[in-house]
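Student: I am new to this protein and would like to go through it step by step. Please take my questions in turn.

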Amino acid sequence: MKLSPVALEDAFVRLEPFAEANRDELRAALDCDPDAWNGMVAAAYGVHFDGWWEAALQAMKTGSRIAYAVRRLSDGAVVGTTSLYEIRPEHRRCEIGSTFYRPEARGGAINPACKRLLLDHAFSNGAIRVEIITDALNAASQAAIRKLGAEPEGVLRKHKITWTGRARDTAQFAVLDDDWPQVRRRLDERLAALA
């Protein structure tokens, strides 16, 4: 498995690897909805942005993460971020996460379009397992992950410490290479209905 930090695009979004050119737009996009950051391991709004940005760039240098700015194609606005991370070529697995969208970009085509691009990038480049995890308290996120077609695998208790210091239980889901054709078909049908 070899994942490269290349831009990914469909009819709805363009996923742009972090670069100085999209830094300020991303900062502006993430500087909202502080309560939504409470379940995240790291915060990226306001004063938290610079440290979060630098950590993401460092992980990209080591090859363990590809962090993306999410650009909505209908108006060209950067509306959030998502990543392929915990990239483990030796196990042919990675995770999709560190995802945040501005409130007006939630629902609709943005999230399924991003997930479709990221899953395809991973499986087309040799992944056999892609995990999607979220705070066990975040029912909306879990519903969105289930709607994608990812299989629930349980809850990892006290799995991560959030930036607020809370020991977070993590709901874990995965899509395997065996699942991908059916998941891809469902996502394609869903996105076609939103076009």
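Student: In which strand does K158 lie?

Tutor: This is a predicted model, where local features need pLDDT of at least 70, side-chain atom pairs count only at pLDDT 80 or more, and totals for chains, interfaces and linings use all residues. Residues are numbered from 1 along each chain as its sequence is written, and side-chain values use heavy atoms, with hydrogens and water left out. Strands (E, at least two residues) and helices (H or I, at least four) are DSSP runs, numbered from the N terminus. K158 has a positive phi of about 45° although it is not a glycine, and its strand is β7.

Student: Is K158 buried or exposed?

Tutor: Buried means under 20% relative accessible area, exposed over 50%, and partly exposed in between, with a 1.4 Å probe and protein chains only. The relative accessible area of K158 is 66%, so K158 is exposed.

Student: Which strand holds E86, and what is its relative accessible area?

Tutor: E86 is not a glycine, yet has a positive phi of about 50°. E86 belongs to strand β4. The residue is partly exposed, with a relative accessible area of 30%.

Student: Where is W163 found, and which backbone oxygen does its side chain reach?

Tutor: W163 sits in the loop between β7 (151-161) and β8, and is partly exposed at a relative accessible area of 30%. Contact means heavy atoms within 4.5 Å; not counting residues up to four places away in sequence, W163 touches W37, N38, M40, V41, A42, A43, Y45 and H48. At 2.8 Å, the side chain of W163 reaches the backbone oxygen of W37.

Student: Why are the buried residues of α4 on the same side of the helix?

Tutor: Helix α4 covers residues 139-148, and its buried residues are Q142, I145 and L148. The arc is taken from the directions from the helix axis to the C-beta atoms. They are on the same side of α4 because they cover an arc of only 115°.

Student: Which exposed residues does the opposite face of α4 carry, and what does the buried side pack against?

Tutor: The face turned away from the buried side carries A139, A140 and K147. The buried residues pack against α3 (110-124), β6 (129-135), β8 (167-176) and α5 (180-194).

Student: Which strand gives the most to the lining of the largest pocket?

Tutor: On a 1 Å grid over the protein atoms alone, a pocket is an open set of points where a 1.4 Å probe fits, with protein on both sides within 12 Å along at least five of seven lines; lining residues have an atom within 4 Å of a point. The largest pocket is lined by 38 residues, of which M40, T99, F100, T134 and S141 lie nearest its centre. The biggest contribution to this lining, 6 residues, comes from β5.

Conventions
Polar contact = N/O pair within 3.5 Å; in protein donor to acceptor, adjacent residues only side chain to side chain.
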